[in-house]
Amino acid sequence: MSKIIMWFRKDLRLDDNTAFNKMIENSKDADELICLFQLNPLQFIEDSYNHDAFFSSLYAFYTHAEANNVPIHFVYGSLEENFTELKKVYQDWNKVYFNVDERGFGRERDQKMTVFFERNHIQVHSYQDSHLHGVKEIKKPTGESYKVFTPYFRKWLTMPKRPYERTQTSGQSFAKLTHPLFIEGEKQFNQIIEKIKLPFDYECGEVVAEKYLKEFIRDHLHDYQKVRDFPFSDQTSKLSRFLRTGELSIRKVWYALNAEPDSDGRQTFISELCWRDFYNMIYYENPNQKTQEIKEQYRQLHWSYNQEAFERWKNGQTGFPIVDAGMRQLNQTGWMHNRLRMIVASFLTKDLMIDWQLGEKYFQQKLIDYDAASNIGGWQWAASTGTDAVPYFRIFNPTSQAEKFDSQGDFIRLFIPELKDVPNKYIHEPSKMPADLQQSIDVLIGKEYPKPMVDHSKIRSEILAFFKTASS
């Protein structure tokens, strides 16, 4: 007889969890099944929405699993030290199951720990669980990886998707252990939970994730293409935060989509799922992309690091209402509408010519749905430095974007209350209000609301010169 460990990470659910299902299938010869979460301080981003949201989700998973008679054990500290101690304590532990990370820190961790497990005669059973297709599955006929989304998408659509598999835990016996290693781990976990101080309501957990999926499919999917770009209507799926933690199975999402009749909205949402796989693959192919432009010719760009300008962007004080409303939404809720993510990223990198890496790191701190591959991919797209990125000469005009996607200024007024009385005529360019109007509504530009930081009409020639200099 032996012990088997299921190592949970960014797969905080019991249902349709590939490694967990496989462990149950192959558990006949084991006398104890141990479910484990390793708390690694190297991965903590303390005092951030990202950190607090993840651990809120982990707590929801812990309580949900306990309610289903699946105790979760915590260990805290160095990876190798934790697992070395576990092997000393449980010498008959001979198998470990986990769902792999395919890029970034997680990939390096998994490679290192696989060597450790094999050296200690522990069989490794690892699976790709987080994406519809793994990083090596979609290839050109030549065997090369794609660099452009559209041909990748065409191939992706033809590839069969793994089915959703409901998990059955009834009849299984999961260990509840009281070794000092686990007691200390739970103590550390409780201390983390006690420090969480998200300034907004945060629903999380496997049950909540399924509720969000059902509501999106029922109420918003088929109009998704028409309404997804309008931030005030708020009809995006909001599933990204559940997918990043694994509270929601990507196969469950695919299964739900395929049970629906076809529509433009459904097709558009399917393409968004493909973008998620595409950026995951791009990160695998470009492991340095968090700190280095993918396009080599742009690695010598002389970005600005103007701290005052960066602070104004972060705090929603640029003088461009749609940019400021987007940043305030992020700061107040830990989330930002996708259209606004593109607008604020373009403004930082093209209007202010500030290094995209600063914006990416700020989003890493603030986003409750932060996914490194998608976030870095999006920032390099906006900065024109990534693969299949927006051309450097395409510069989002924040005013025309606002006029198109928030025509009446409803979203702007929601997050910039000082502009609530500004007439629609001036809501996108309040600096153009006559002085007497400013006085009558108590909105003095430069006092109650800032003047525009830059003259956007003059930016185009500057950004073209900026990129051409780097190219030459």
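How far apart do the end C-alpha atoms of residues 2–132 lie, and how much of the span is helix and how much strand? They lie 33 Å apart, and the span is 41% helix and 26% strand, where helices (H or I, at least four residues) and strands (E, at least two) are DSSP runs numbered from the N terminus. This is a predicted model, in which local features need pLDDT of at least 70 and side-chain atom pairs count only at pLDDT 80 or more, while totals for chains, interfaces and linings use all residues. Residues are numbered from 1 along each chain as its sequence is written, and side-chain values use heavy atoms, with hydrogens and water left out.

**Overall form**

- The protein has 20 helices and 5 strands, and its C-alpha trace spans about 85 × 50 × 45 Å along the principal axes.
- The radius of gyration is 24 Å, which agrees with the value near 23 Å that a compact globule of 472 residues would have; this radius is taken over C-alpha atoms, and the globule rule is 2.2 Å times the number of residues to the power 0.38.
- Contacts (heavy atoms within 4.5 Å) with a separation of 6 or more come, for 78% of them, from residues 24 or more positions apart.

**Surface and charge**

- Of the 472 residues, 57% count as buried, a term that means under 20% relative accessible area, whereas exposed means over 50% and partly exposed lies in between (1.4 Å probe, protein chains only).
- The protein exposes about 21,100 Å², of which carbon and sulfur atoms supply 48%; such areas come from the Shrake-Rupley method with a 1.4 Å probe, and for residues only the protein chains shown count as cover.
- The mean positions of the 61 positive and 65 negative charges are 4 Å apart, with Lys and Arg counted as positive, Asp and Glu as negative, and His and the chain ends not counted. The place of a charge is taken as NZ of Lys, CZ of Arg, CG of Asp or CD of Glu.

**The annotated span**

- Asp 47, in the loop between strand 2 (30–39) and helix 2 (49–67), has a positive phi near 60° although the residue is other than glycine, and Asp 47 counts as exposed at 65% relative accessibility.
- Asn 69, in the loop between helix 2 and strand 3 (72–76), likewise has a positive phi near 60° and counts as exposed, with a relative accessibility of 61%.

- Leu 257, found in helix 10 (residues 250–258), counts as buried at 0% relative accessibility, and, not counting residues up to four places away in sequence, Leu 257 touches Ile 217, Leu 221, Arg 266, Phe 269, Ile 270 and Leu 273.
- Tyr 284 has its place in helix 11 (residues 264–285) and counts as buried because its relative accessibility is 16%; leaving aside neighbours within four places in sequence, Tyr 284 is in contact with Glu 102, Arg 103, Arg 107, Val 135 and Lys 136.
- Pro 430 lies in the loop between helix 18 (410–415) and helix 19 (435–440) and is buried, with a relative accessible area of 2%; beyond residues up to four places away in sequence, Pro 430 touches Pro 321, Leu 419, Ile 445 and Tyr 449.
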